Amino acid sequence: MMNRRRFVGSSLFAATVGGLPAPMLAKSREGEFAIGLTAVVVREYVRSFNDFGDYLSRRTGRPVEFVQRRTYADIMDMLKDGNLQAAWICGYPYVQPRDPEYIDLLATPVYRGAPLYRSLVIVPRGSPVRRLSDLKGKVYAYSDPDSNSGFIVPRATLADAGYDPERFFRLTFFTYSHAETVSAVADRLADGGSVDSYVYNILRKYEPKLAASTRVIAASRQYGFPPIVLHRNMTGEIGDRFRDTLLGMAADAEGRTLLERLDLDGFAVVSPALYDSIRDVARRASPPYSLANGGSL
Amino acid sequence: VKRRRVQGMSLMVKLPLTITFVVFASALIIGLMVIDRNWARQSAALEAQTLALARATAATGRSSILKKDVWSLYLALKLLQERDPELPGETPVVEAVFVDTEGMVLAHSNPARNPVGLALRTSDPQTRAWIDYALQVSDAGLVPERLSNENFVDAVAPINVDGLTVGFMLLRSSTAGLAAQLRRDTLTVMTFALGLALVMSLFGAVISRRMVAPLRELAEGLDAVGRGDLISVQPVAARDRDEIGNLSEQFNRMVAELVEKKELEKDLANAERLAGLGRFAAGLAHEVNNPLAGMQNCLNMMARQPDDAKMVLKYVPLLETGLSRISATMQALLGELRGENRARLCKATCLGELESIVHSEIGDRPIDLVWRIGSGDLDGAALNCTCPHMHQIVMNLTRNAINAMPDGGTLTLSSVRTGGRLVLEVSDTGNGIDEKTQSQLFEPFYTTSPSGTGLGLWITYRLITRMGGSIGVDSRPGAGATFTVTLPLSASPAPAADREGKKLDA
């Protein structure tokens, strides 16, 4: 049975899918700096992000709003149309080719000492599954088709092992949230699922019962942490001011408190090359698969 | 036996028991009726709620089904089972499923047991039957009861897109909440009914105490009155001005009147006795005085001429006559009072000897005699007296009858033997006896004829009563009189002593 409190959370999330309460339709006010959020965000963060927004507003002198949409695609469209000035996106959307390119890396969170994270495969706690290959013919939960850790990495892993990721599972579905993927696995709606190691650890801290209903059976290599990207028309004085604010957060007490609540060490400027490995895994996760070795995970 | 026991119970018990039973039964019946109606209403509400939820959930799931968005479908189902914090108890929804047109699970509220992407699993043939039914429906509705389980309400809503059915929403609600409510309600009603019955039984006890106490007093009073014991009858206190109070008052009045009457009777009897004694003394005085007056005259005459021997010759016999008359009167009186010659046995047939005596008594008077003393009828029967006494009884009555007919008439003597009794009747067609005379008829010295002593009927009466018999008279002035004597018979002569003892007792 699903834990009640947990479920209240999910429904709250479901109710707020499509945006944080304030700018429901993300109508940009004059001079407003709108930052998009996606699956990386755990619902408990709503208050933290409000405070984060206030912090950034004060430091940059621009009103800041965080805007949430269900999918990465939605966020990317809004970013492209100029309705968002920045967005916290996954590495995979970042590496997808755009013509013309309209975003640049603004800053990347530093998580446990490095701007890196992993993709985890989780199963229900009591499940007999030991390896990803045991999930053949089962139900699998992905977070978002544009998520590196929640979609690209497991598919690449399957393809690398010689399986057709399209046929390996009996049924797959998207939860559009790493946290919801954990719920789906905990409820045994899915026999397994892929989640971001950062979100999973956050849940361990804030919702230990939910996290404890699942078990990690596999962890990927490290990939570049989902970055905050800036629309190119913000490049310059405003972009610099935001970058400096983010980079300086770890240096002041208020910033540190916010970072602690988000379970991050701080922000850093990284080279775009950090995400090359994602570009590589994404290639492997898409057809044509190299189904050479018949499958050993 | 049980019935008799109930009938024999005191009203003090019966009344409270009846009130208790009636109140309990009424409260129970009304309560159960309310529960029944409530149950029907709640059941209908549950059905409507289940159907409405199925419809609404089907509508919200439409786009998710098209997008195969399993997670959204699942969230919608979980939302259904969310407990409403405003309402007590668990949500009635126990199972909710989205299936495609083939019956494959798209989302199930219990995903661990009903995996998505597989046919809806059930080992229960009845559930399979209603799933088969559900996959055929074209409009949202409840699954017929014959396919459903009485513990559940099942609803199915097809999900149509552009006129095409793409899936079904199946919803199952449990009636367990209703059943629990029913049990609680029933318990409440029973408790209430019992409590009410208890209170009412106390009330009944008080009421019946109030009602039955005077009734019991009345019953005891009536019992005492029945025994003639008016002294111990206590007045019954009338508490209320109702029927029982009225009855109590009537009873008290009746007892008061009875007591008064009894006092009056006692006074009357005393007065009567004193009057009788007075009449007796007057009669005796008169009876003695008459000859005394004659004798006084004789003595006066003789005293006037003391030397006249003729006087002696003339008046001494008169003196003797006077004295013998006084003596005879005294003898008869004393003899009767002493109760001489009691209780010997005589054969009833001795009555037959009287016919000729009666004839001679009538002599040449214009009186017809009707003699109906059946000699055969009296065979073997004996009377508790001597024959002369028996003759005396009959002759006394006969003489009175003859005297009552100075202008002639019919004298009838008859005897009938009934059971252990001999009934003698002496009838005349004379002037009859008025009521005042009848009441004094058997007193000594009471007479209507100037020549009578007034002792005949008195002696007759005493003889008869001594024999254990009775005498009565039936007469109206101008219509003659009939004296009826009833005497007990002895079938065979018994030892005289024994008989005497018994009679003395009587």
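This is a predicted model: local features need pLDDT of at least 70, side-chain atom pairs count only at pLDDT 80 or more; totals for chains, interfaces and linings use all residues.
**Exercise 1.** Which residue in strand 9 of chain B does Trp371(B) stand opposite?

*Solution.* Strand 7 of chain B, residues 367-372, pairs with strand 9 of chain B, residues 409-418, in the parallel sense, and six bridges join them. Along this pairing, the residue that stands opposite Trp371(B) is Leu413(B).

**Exercise 2.** In what order do the five strands of the open sheet in chain B lie, and which are the edge strands?

*Solution.* First read the order across the sheet, which is 7-9-10-12-11 in chain B, with mixed pairing.

**Exercise 3.** Which strands of chain B does helix 9 of chain B lie across?

*Solution.* Trace helix 9 of chain B through residues 387-403, and it is found to lie across strands 7, 9, 10, 11 and 12 of chain B, running at about 25° to strand 10 of chain B. Then turn to helix 11 of chain B (residues 456-466), which also packs on the sheet, where it touches strand 11 and strand 12 of chain B.

**Exercise 4.** Where does helix 5 of chain B bend, and what follows this helix?

*Solution.* Helix 5 of chain B covers residues 176-227 and reaches 71 Å from its first C-alpha to its last, close to the expected 76 Å. Within it, a bend of about 25° occurs at Val212(B), with Pro214(B) following within four residues. After the helix comes Gly228(B), whose phi is positive, near 80°.

Key
Residues are numbered from 1 along each chain as its sequence is written. Chains are lettered from A and ligands numbered from 1 in the order in which they are written. Side-chain values use heavy atoms; hydrogens and water are left out. Two strands pair if DSSP finds at least two bridges between them. Helices (H or I, at least four residues) and strands (E, at least two) are DSSP runs, numbered from the N terminus. Contact means heavy atoms within 4.5 Å. Axes are lines fitted to C-alpha atoms, for helices over the stretch in contact, and angles run from 0 to 180 degrees between N-to-C directions. The expected span of a helix is 1.5 Å times one less than its number of residues. The bend at a residue is the angle between axes fitted to the seven residues ending there and the seven starting there.
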